[in-house]
Amino acid sequence: MFLAGDDAFLVSGGTAARTIGGGFPLVPVGRLARWRRAMREIDWVPDLGAQIGSRDWWRGLATCSALCAATIAMAPGFHHSIPARVPAPLTGDAWKNARAQAIAPLALGADSGRRLAAGELVEHLAEAPERPSVDLSATIGSGDPLARVLQRAGVARNQARAAADLVDQATGGEAIASGTRVALTLGRRPSRMVARPLEAMKLRARFDLAVTLTRTAQGLSMTKQPIAIDRTPLRLQGLVGASLYRSARAAGAPAKVVEAYIKALSSHVSVGRDVRRSDSFDLIIERERAATGETRLGKLLFAGLDHGGRKVQLARLADDDDGQWYDVNGQSERRGSMDMPVAGRVTSSYGKRMHPILGFMRMHKGTDIGAPYGSPIHAIMDGVVQFAGRSGGYGNFVKLSHGGGVASGYGHMSRFAVRSGARVRQGQVIGYVGSTGMSTGPHLHWEVWRNGVAVDPRSLKLTSVAVLSGAKLRAFRHEVQSLLSVRPGR
């Protein structure tokens with residue numbers, strides 16, 4: 001019986017022999033198989049660090065030595081280079097064409113750009129042609145006139161001025177909000193020496209108006225696109241929690257609105273001491289929502305606080321920006337101590353002191369505030385100018401009557417900003433720091449009288465009350481009712 005072995009030769013029995021050609025004897029198949037198996041089982045690369053001196057170790061050493069000898073015998077010389085074939089360098093047009101299709105960094109002054117070698121149909125141009133139109137985008141910065149923005153974008157001065165005049169007519173002279181994006185299309189120009197003409201322009205001129213300018217045969221033409229605006233106020237309510245400020249901010253109120261809210265409440269409650277975690281706040285804010293999806297928040301309209309079962313509800317008159325807050329009954333109350341009328345430092349307080357000029361102890365009936373020459377002096381409260389002129393050692397002196405038996409005086413002024421009989425508001429400038437009269441340097445002598453008796457200005461607590469009546473009170477109550485009808489979060 002003959003079998004096919006692994007080497008594709010026919011095998012007959014375990015002791016059969018193979019012949020090739022004229023009967024050349026071969027090794028019996030059984031012995032060859034045993035040799036192959038023995039060779040596979042031999043570890044030719046044993047660990048030379050283990051079983052040192054054994055037969056396997058000597059065999060491994062012999063294998064390592066043979067491999068090292070073969071490597072050294074076939075290694076090239078260290079002092080002789082191996083010759084290689086180098087392609088000939090490119091020259092002429094071949095070099096230019098290859099460079100045009102290679103990666104040439106701009107930082108190294110690359111001048112590539114040719115795609116293929118110039119053919120017979122290629123026409124060399126004196127200069128690259130311009131695009132027939134260019135689309136640009138510009139942004140209006142704070143206090144940046146539209147005409148200047150257009151000129152920076154490449155519009156000619158006269159065309160920029162004409163476009164800005166058209167937009168001013170549409171907005172009624174109202175300044176465009178900073179950050180507004182302007183889309184421009186500039187057309188073809190006759191030569192590179194002149195600016196491109198303005199072909200089209202589009203921008204949001206007002207929150208409720210978008211305008212588009214296009215060029216016609218008669219010049220620039222403007223198209224107005226009114227945007228519908230919903231002016232329903234935004235009402236926010238929530239618990240005070242750990243911080244009234246942070247809770248109102250988390251509810252969605254802007255930082256300036258929260259500051260105005262806390263300032264309005266401070267005239268009725270002590271925000272830091274009396275407001276508790278369980279109290280709830282109520283804010284109503286001006287809001288404008290455009291049909292295009294934008295939302296804009298304005299000033300605070302209503303300030304409410306549920307304070308331990310007692311509600312504080314404050315609102316202001318419509319179109320009145322004097323900072324006066326009234327309760328639902330139309331009554332306004334301000335409490336607090338007087339602020340200093342000029343920015344400076346106290347150099348001499350109220351009380352007995354050694355007079356710096358007369359040289360003896362004398363009662364100082366006011367407070368001296370050192371400030372730079374010409375610093376503005378502000379009225380501490382609303383009032384009427386009772387006197388403005390020269391008054392002995394006070395020099396240039398202004399006296400204000402505030403009602404309720406309270407009056408204030410301001411001495412050593414360099415010049416006046418009011419006249420006798422004029423009404424002044426709190427914070428209004430009434431004069432400027434000087435050194436007139438009995439004075440050793442520029443400062444303000446600030447004096448306060450209560451029922452004709454001089455008192456320490458820094459210790460006087462003031463309370464002013466204003467009450468609405470008549471048509472103003474009816475309009476105010478109607479405004480409050482309309483605000484309270486606003487649903488929270490809508």
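Biologist: Why is Asp282 called buried?

Modeller: This is a predicted model, in which local features need pLDDT of at least 70, side-chain atom pairs count only at pLDDT 80 or more, and totals for chains, interfaces and linings use all residues. Residues are numbered from 1 along each chain as its sequence is written, and side-chain values use heavy atoms, with hydrogens and water left out. Buried means under 20% relative accessible area, exposed over 50%, and partly exposed in between (1.4 Å probe, protein chains only). Asp282 has 10% relative accessibility, so the residue counts as buried.

Biologist: What makes a polar contact between the side chains of Asp282 and Arg235?

Modeller: The term requires a pair of N or O atoms within 3.5 Å; within protein, one must be able to donate a hydrogen and the other to accept it, and residues adjacent in sequence count only if both atoms are side-chain atoms. The pair with Arg235 is at 2.7 Å. The side chain of Asp282 also makes a polar contact with that of Gln237, at 3.3 Å.

Biologist: What makes the pair of Tyr326 and Phe476 edge-to-face?

Modeller: Rings of Phe, Tyr and Trp (its six-membered ring) pair if their centres lie within 6.5 Å; planes under 30 degrees apart count as stacked, over 60 as edge-to-face and the rest as tilted. The centres of Tyr326 and Phe476 are 5.8 Å apart and the planes lie at 65°, so the pair is edge-to-face. Tyr326 is in strand β15 and Phe476 in helix α8, 150 residues apart. Helices (H or I, at least four residues) and strands (E, at least two) are DSSP runs, numbered from the N terminus.

Biologist: Why are the buried residues of α2 placed on the same side?

Modeller: The buried residues of α2 are Trp57, Gly60 and Thr63. They cover an arc of only 125° around the axis, which puts them on the same side of α2. That arc is taken from the directions from the helix axis to the C-beta atoms. On the other side, Arg55, Trp58, Ile72 and Ala73 are exposed.
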